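Please find below a short note for a colleague who will examine this model at the level of its coordinates. It is arranged as numbered points.

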Amino acid sequence: LEHALEAIQQVRERSHGVALVDTLENLRKGGRVSTLKAGIGSMLDLKLFVGLKEGLIEAMESTRTRKKAINRFIEMIEEQGPLQQCAVLYTDNPEDAHSIVERLQVSVIEPIIVKCATTAIGVHTGPRALGFATVRAE
């Protein structure tokens with residue numbers, strides 16, 4: 001058990017996950033963003049990046065267009081490399097996820113996984129959301 005817990009901790013320290021939210025509307029509906037912030041975000045066409053930090057969802061940064069957001073998304077993955085594992089997740093836009101994988105220029109030991117996120121995640125992130133989970137190589 002001790003060996004297993006140590007292995008889990010080592011992977012946890014090398015793991016990173018980020019979600020790209022295309023619209024703040026679903027976050028507003030869920031009470032995570034105020035109506036004012038969601039309205040301003042909509043007017044400015046903001047795309048929000050969120051991540052997990054010590055078990056809590058935390059806003060990281062934002063960009064002003066989808067194209068810039070996807071470019072930044074790719075940069076964020078590449079900044080993690082070289083990688084042991086990488087998964088690209090999507091809600092209803094598999095084309096975007098596959099396009100991202102084709103553009104990645106990072107060394108990944110295991111095949112990159114492309115999967116639809118669960119509906120529970122999609123309810124909170126909304127349409128056209130993307131995410132990634134990585135484990136850095138040792």
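1. The structure is a predicted model. The protein holds six helices and six strands, and from the N terminus on their order is α-β-α-α-β-β-α-β-α-β-α-β.

2. Of the 138 residues in the protein, 36% are buried. Among contacts with a separation of 6 or more, 71% join residues 24 or more positions apart.

3. Helix α4 covers residues 66-80, and its length agrees with expectation because its 15 residues, at 1.5 Å a residue, should span 21 Å, while its end C-alpha atoms lie 22 Å apart.

4. Which residues of α4 are buried? They are R66, A69, I70, R72, F73, I74, M76, I77 and Q80. An α-helix has 3.6 residues a turn, so residues three or four places apart point the same way.

5. The buried residues of α4 pack against the strands β1 (15-21), β2 (47-53), β3 (56-63), β4 (83-90) and β6 (130-136), and also against helix α5 (94-103).

6. I8 belongs to helix α1, which comprises residues 2-14. With a relative accessible area of 54%, I8 counts as exposed, because the cut-off for that class is over 50%.

Terms used:
Residues numbered from 1 in each chain as written. Predicted model: local features only at pLDDT ≥ 70, side-chain atom pairs only at ≥ 80, totals over all residues. Heavy atoms only, no water. Helix = DSSP H or I, 4+ residues; strand = E, 2+ residues; numbered from the N terminus. Buried < 20%, exposed > 50% of the residue type's maximum accessible area, 1.4 Å probe, protein only. Expected span 1.5 Å × (residues − 1). Contact = heavy atoms within 4.5 Å.
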